Amino acid sequence: PDDTQNSFHKLKTMIAREIKNQHGCTAGENIAKKEADIIKVVCLLFDFILNDPCLPGTLKPLIARLHIPLLKVAFLDRTFFAIKTHPARQLLNELACAGNDLDKSRPGEDTVLQMIAVVVNTITSEFNENIDFFEHLLSEFSEFMKQERESNQLVENTLENAKDRVAEEIHRRIT
């Protein structure tokens, strides 16, 4: 709870500063209750994701970098919370779920982690106000994950077939 409150107040201050800078108004310091609620819900969403014990530690810093861009999405598009299939929400979910496919034995060489880093870097460097941007990234990332899972399944099947042949050959030679 204290971490959530701290996160909320830090974000509220940053956003107030940003509103003041963008709009040149002193009213930027006073964020309306509706906007404060949006900030709070986004903070809770990220707290929930980042406190998930199943989320690998190597993925948490990448996911955390999406906090501000997704807060911006929530301000720009009020359907962010209302529609489960919102592309930005789906992308965040896909990125977090991809943590299950990470190769924990070689995190530096993991293609899934590298692709997640590419997506996060793309969002943080290129996202402006076009929400369709997330649809494109979601499509690309989903296709990548589909190919990655198919590739992993093929390797797994090949390995399983090889084990079966070795077991058969051992059994044949023993008898």
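Which residues does Leu-50 touch, not counting residues up to four places away in sequence? Leu-50 touches Leu-55, Lys-60, Ile-63 and Ala-64, where a contact means heavy atoms within 4.5 Å. One thing to keep in mind: this is a predicted model, so local features need pLDDT of at least 70 and side-chain atom pairs count only at pLDDT 80 or more, while totals for chains, interfaces and linings use all residues. Residues are numbered from 1 along each chain as its sequence is written, and side-chain values use heavy atoms, with hydrogens and water left out.

**Leu-50**

- Leu-50 sits in helix 2, which covers residues 33-50; helices here are DSSP runs (H or I, at least four residues), numbered from the N terminus.
- Leu-50 and Ala-96 are 46 residues apart along the chain, and their C-alpha atoms are separated by 9.0 Å.

**Helix 2 against helix 4**

- Helix 2 packs with helix 4 (residues 67-76) at an angle of about 140 degrees, and their axes are 10 Å apart.
- Those axes are lines fitted to C-alpha atoms over the stretch in contact, with angles running from 0 to 180 degrees between N-to-C directions.
- That angle makes helix 2 oblique to helix 4; under 35 degrees counts as roughly parallel, over 145 as roughly antiparallel, 65 to 115 as roughly perpendicular and the rest as oblique.
- The crossing of helix 2 past helix 4 is right-handed (the near helix is turned clockwise from the far one by less than a right angle; anticlockwise is left-handed).
- On the helix 2 side you'll find Glu-35, Ile-38, Ile-39, Val-42, Cys-43 and Phe-46, meeting His-67, Leu-70, Leu-71, Ala-74 and Phe-75 of helix 4.
- Sorted by class, this contact of helix 2 with helix 4 has nine nonpolar, one polar and one charged residues (Ala, Val, Leu, Ile, Met, Phe, Trp, Tyr, Cys and Pro are nonpolar; Asp, Glu, Lys and Arg charged; the others, Gly among them, polar).

**Helix 6 against helix 8**

- Helix 6 (residues 87-97) and helix 8 (residues 132-174) pack at about 30 degrees, with axes 8 Å apart.
- That makes helix 6 roughly parallel to helix 8, and the crossing is left-handed.
- Helix 6 brings Pro-87, Ala-88, Gln-90, Leu-91, Glu-94 and Leu-95 to the contact, and helix 8 brings Phe-134, Glu-135, Leu-137, Leu-138, Phe-141 and Ser-142.
- The class count for helix 6 with helix 8 is eight nonpolar, two polar and two charged residues.

**Cysteines**

- Cys-43 counts as buried at 0% relative accessibility, whereas Cys-54, at 59%, counts as exposed.
- Buried means under 20% relative accessible area, exposed over 50% and partly exposed in between (1.4 Å probe, protein chains only).
- Searching the whole structure turns up zero disulfides, meaning pairs of cysteine sulfur atoms within 2.5 Å.

Technical notes
Helices (H or I, at least four residues) and strands (E, at least two) are DSSP runs, numbered from the N terminus.
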